[in-house]
Amino acid sequence: MQSTIENLIEEINNYDVSNPDQAEAFRLAFLSRKGKVSQLFDTFKLLPGEEKKIYGKSVNEVKKLAETKFKDAQNTKVNQGQVRPDFTRPVKSSTIGSRHPLSIIRDEIIDIFARIGYDVSYGPEIEDDWHNFSALNFPEEHPARDMQDTFFVEKSPDFALRTHTSSVQVRVMENQKPPIRTISPGRVFRNEAISARSHCFFHQIEGLYIDENVSFADLKQTILYFAEQFFGKSKIRMRPSYFPFTEPSAEVDVYWGLNNEVDYRLTKGTGWLEIMGCGMVDPAVLQASGIDSEKYSGFAFGMGIERIALNRYQIPDIRIFSENDQRFLMQFSGK
Ligand code: PHE
């Protein structure tokens, strides 16, 4: 009996259980119903009472040895692959991303106009000649239609990437009855040389207000409200300008002041910062879009989102907006 026990202990100690298959083979050889440890117990049971006393402890120790060895094998790194994953462990928390600066500015502008009753409308980025140009009163030979500014769709030249969000004005007027108050944000495209200050695509926000008796004074007051809300500035000026679809047309500057070096750079030493183009919707555009120009009038305005974002965040290069560089984007987390 003594030597049986000793042999078994040696056999158990020498058994290689370093992979899952070996561990299972070990279990079958020693711990199963017909395994060597059970056999040892069978032999033990047949011993006379005297000997049972002598060997009882050792026999139990052999059993424990085999069980411990098997348990340890299950817990080794290699064998853990066989063990079920613990689904109760807490998940690793994922890092929260940040909002794009252009989205931040866009939503702020939408919010400011939503407070005075403007809804939000969208139009397609691939636009037909009618909505991007003709209905907006661009003469047939207007230089803005030129290949130098517009990306045309090669196989069907009546379609182009929209060059401004003013195309959405036409779509809204074609589909809605006044009063119309809407803001149209979106991406626009121009065939320009890419540099720190210009890109072949950028974003605009268009505004349109159509009702009875809308006047230039309403336009001015609305823009002033926006300048106060968005920039915290309460002085604006309008300079005469030209757009085919508005008459009269103006460019809007806000008075920024000249308090520090940044102000000087931003306003080129004038204290005034240009923020948008605007004007009274030309009656010809109203008519083309199915609105009775005898009864209704309105104003429109359009601004570039990148330009505003460049100023607000003091970003030196417009290209960085579309580079998806996390070192840039993560600076806007929580905003
Ligand atoms: N669409 C003009 C542009 O892209 C901006 C504008 C919009 C001007 C509405 C007047 C009215 O420059």
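Here is a quick tour of the domains, a helix pair and some aromatic rings in this structure. This is a predicted model, where local features need pLDDT of at least 70, side-chain atom pairs count only at pLDDT 80 or more, and totals for chains, interfaces and linings use all residues. Residues are numbered from 1 along each chain as its sequence is written, and side-chain values use heavy atoms, with hydrogens and water left out.

**Domains**
- The chain splits into domain 1 (2–79) and domain 2 (101–332), with bounds from an automatic or database domain assignment.
- The centres of the two domains, taken over C-alpha atoms, sit 83 Å apart.

**Aromatic rings**
- There are 21 aromatic pairs, meaning Phe, Tyr or Trp rings (for Trp, the six-membered one) with centres within 6.5 Å; planes under 30 degrees apart count as stacked, over 60 as edge-to-face and the rest as tilted.
- Take Tyr-15 and Phe-30: their ring centres are 5.6 Å apart and their planes stand at 90°, so this pair is edge-to-face.
- Tyr-15 is in the loop between α1 (2–14) and α2 (20–31) while Phe-30 is in helix α2, so the pair ties together parts 15 residues apart in sequence. Helices here are DSSP runs (H or I, at least four residues), numbered from the N terminus.
- Tyr-15 is partly exposed at 27% relative accessibility, whereas Phe-30 is buried at 1%. Buried means under 20% relative accessible area, exposed over 50% and partly exposed in between (1.4 Å probe, protein chains only).
- Ring pairs also link a cluster whose members include Phe-113, Tyr-118, Trp-256 and Phe-301.

Methods
Helix = DSSP H or I, 4+ residues; strand = E, 2+ residues; numbered from the N terminus.
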